[in-house]
Amino acid sequence: MGGGASTAKGVKAAVDAATKAELTQATAELSKSQKKKLMEAVGGRSIPLSPVVYLTSTGFVTETQWARFIQVVLQRRGVLDREDAGPGVTREGLAKKYASEIQKLKVLYINDASYHRPPENMAKGRMGDGKVGENGFLGRGEGTWFWWDQGLEDKMGVPQSNIQMIQLLEKPWLFNRPGRLANCEASSPNVAELDPEDEKAYFAALQLTQDAYNALKETPPKEGAGQAGGSLPGCPSSGKNCADELAEISTRLNEKYAAALDKWCTENIDTADIIVGQGGEVVMLNMAWQCNQAVASRLVNAVRANGPVYAGLSASTMVAAKSMEMTGEIQPGWIEAFAADKKYLSKAQFDVNDLDGDGIKANVLGALPLLEAPIAMRPHYTPAWEAQVLEKNLLAEKEFEQETGIEIDDDLVRDSNSGCEVGCELLSMISKKNKDQDRPVFVPIRNGKVIEVNIHVQQGKVKYEYFHVID
């Protein structure tokens, strides 16, 4: 399109489409400048009808982010009035008007990133007298941090009784277990056919991962703990590393007691409105997902079927991306101890391109494969990482151009190291044009930033993903 009249006509057509809650084919015919005008015209905030995932460093920290999230969740339930779908509504107004609907929301809260840390430390991080969103990025007062359940209660009005905090490593679909302080609630699936020896063997393997974690956290760390063929704490007598030891028995039990797992997933994943993941130890969280790929597949399928909305925070954002490799948390000895063999990854969710080792090594693949675009996350971003991000993204650009013949604006790649807005634009382009991209795009997320991912699914398969920032 060219000229004032045709430009105005094109933008108007796209705006009309956006008022129906989703940008449709109208946007495909617009130039970059026209799309910018479109986003300005609709406030950049049309409510998507497609599956949605949120990627954050520190949770939702602004009124705008909370309002957007509430709109999306209510739209998914089919209760959001048309006049409340625009950018002008407030978080407080939505929470008040739709309080009766919000009180019906069902939330599954996955907290394995904290599993191996001292529970008393986690409890301290939850206590405080303030409310979420006050005092900068803090949770409920000085010395606390953001927890999803507290945020959902304080900022939306979701009752705590509707939020189920679980840890995959406790297998709440299989074992009757007590609650763990600041970690998870008690579970009582009462599986009649459960063999007590299976439970004993599983928790013995899980204890090895705890022993290895404790040893690697010492000063100095006992590098080699939990590794294959070693004799330090956490090294299995089988000769495997502790992650493979756990993954083998965990996978076997998930298959042996498939009916119990299916029942739990139906009741807790398929019927959830919101699924959230807490931050913490990304390597340990990824191991939890590696060991429970049956649950990961159910969660991915539920989200892509336009069921629950997923929101991650720090570690739980990273494991939903293709690669978690660029993080200071991966210290010497951690991958060797806590990365399970790729044979345990679901072939239904990871294809040959994921597992061939080109571009992204299998041992740093995010084990909750919600996203198909080759995204690598770096939460809590600081300018000190810019050179490394740029280096990685230049390699991604080179591969994209060689394989598609499409030239990417050099300024776009050069700027991708400094802001997640530009990184999202680069990633959205690659997601749509190159399904075989190996080298990931590193998207920097500073604290306080939120990336919304709209997943476009066609005939049950992801066609492309659109990444954009909610300020």
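The model is predicted. Its chain contains 18 helices and nine strands. Of the 471 residues, 56% are buried. Among contacts with a sequence separation of 6 or more, 71% are between residues 24 or more positions apart.

In soluble globular proteins, nonpolar side chains tend to be buried together. Here the largest nonpolar core has 94 residues, and those touching the most other members are Leu-55, Trp-289, Leu-299, Phe-338, Leu-370, Ile-451 and Phe-467. The element that gives the most to this core is helix α8, spanning residues 196–216, which supplies nine residues. Trp-289 shows how such a residue is surrounded. Beyond its neighbours within four places in sequence, Trp-289 is in contact with Ile-110, Leu-168, Val-295, Ala-296, Leu-299, Val-319, Ala-367 and Leu-368. There is also a second, separate core, made of 38 residues, with Phe-69, Leu-94, Leu-105 and Leu-313 among them.

Helix α8 also packs against helix α9 (residues 242–256), with the axes 9 Å apart and at an angle of about 150°. Angles over 145 degrees count as roughly antiparallel, so α8 is roughly antiparallel to α9. The crossing of α8 past α9 is left-handed. On the α8 side, the residues that meet α9 are Asp-198, Ala-201, Tyr-202, Ala-205, Leu-206, Leu-208, Thr-209 and Ala-212. Their counterparts in α9 are Cys-242, Glu-245, Leu-246, Ile-249, Ser-250, Arg-252, Leu-253 and Lys-256.

The loop between α8 and α9 is where Pro-220 is found. Thr-219 and Pro-220 are joined by a cis peptide bond, with omega about -5°.

The salt bridges number 25 in the structure. One of them pairs Glu-452 with Arg-68, with 2.6 Å from N to O. This pair links distant parts of the chain, since Glu-452 belongs to strand β8 (residues 450–458) and Arg-68 to helix α3 (residues 63–77), 384 residues apart. Both Glu-452 and Arg-68 are buried.

Another salt bridge joins Arg-140 and Glu-153, whose closest N and O atoms are 2.9 Å apart. Arg-140 sits in the loop between α6 (119–126) and α7 (148–155), while Glu-153 is in helix α7, 13 residues away. Arg-140 counts as buried because its relative accessible area is 15%, whereas Glu-153 has 30% and so counts as partly exposed. Elsewhere, shared partners connect salt bridges of Arg-77, Glu-101, Lys-104 and Asp-273 into one network. Within this group, the side chains of Lys-104 and Glu-101 meet at 3.5 Å, N to O. Lys-104 is partly exposed, at 49% relative accessibility, and Glu-101 is buried, at 17%.

Most residues other than glycine have a negative phi, and most peptide bonds are trans. Lys-171 counts as buried because its relative accessibility is 0%, while Asn-190 is exposed, with a relative accessible area of 54%.

How values were computed. Residues are numbered from 1 along each chain as its sequence is written. This is a predicted model: local features need pLDDT of at least 70, side-chain atom pairs count only at pLDDT 80 or more; totals for chains, interfaces and linings use all residues. Side-chain values use heavy atoms; hydrogens and water are left out. A nonpolar core is a set of buried Ala, Val, Leu, Ile, Met, Phe, Trp, Tyr and Cys residues joined through side-chain atoms within 4.5 Å. Buried means under 20% relative accessible area, exposed over 50%, partly exposed in between (1.4 Å probe, protein chains only). Helices (H or I, at least four residues) and strands (E, at least two) are DSSP runs, numbered from the N terminus. Contact means heavy atoms within 4.5 Å. A salt bridge is a side-chain nitrogen of Lys or Arg within 4 Å of a carboxyl oxygen of Asp or Glu. Axes are lines fitted to C-alpha atoms, for helices over the stretch in contact, and angles run from 0 to 180 degrees between N-to-C directions. Angles under 35 degrees count as roughly parallel, over 145 as roughly antiparallel, 65 to 115 as roughly perpendicular and the rest as oblique. A crossing is left-handed if the near helix is turned anticlockwise from the far one by less than a right angle, and right-handed if clockwise.
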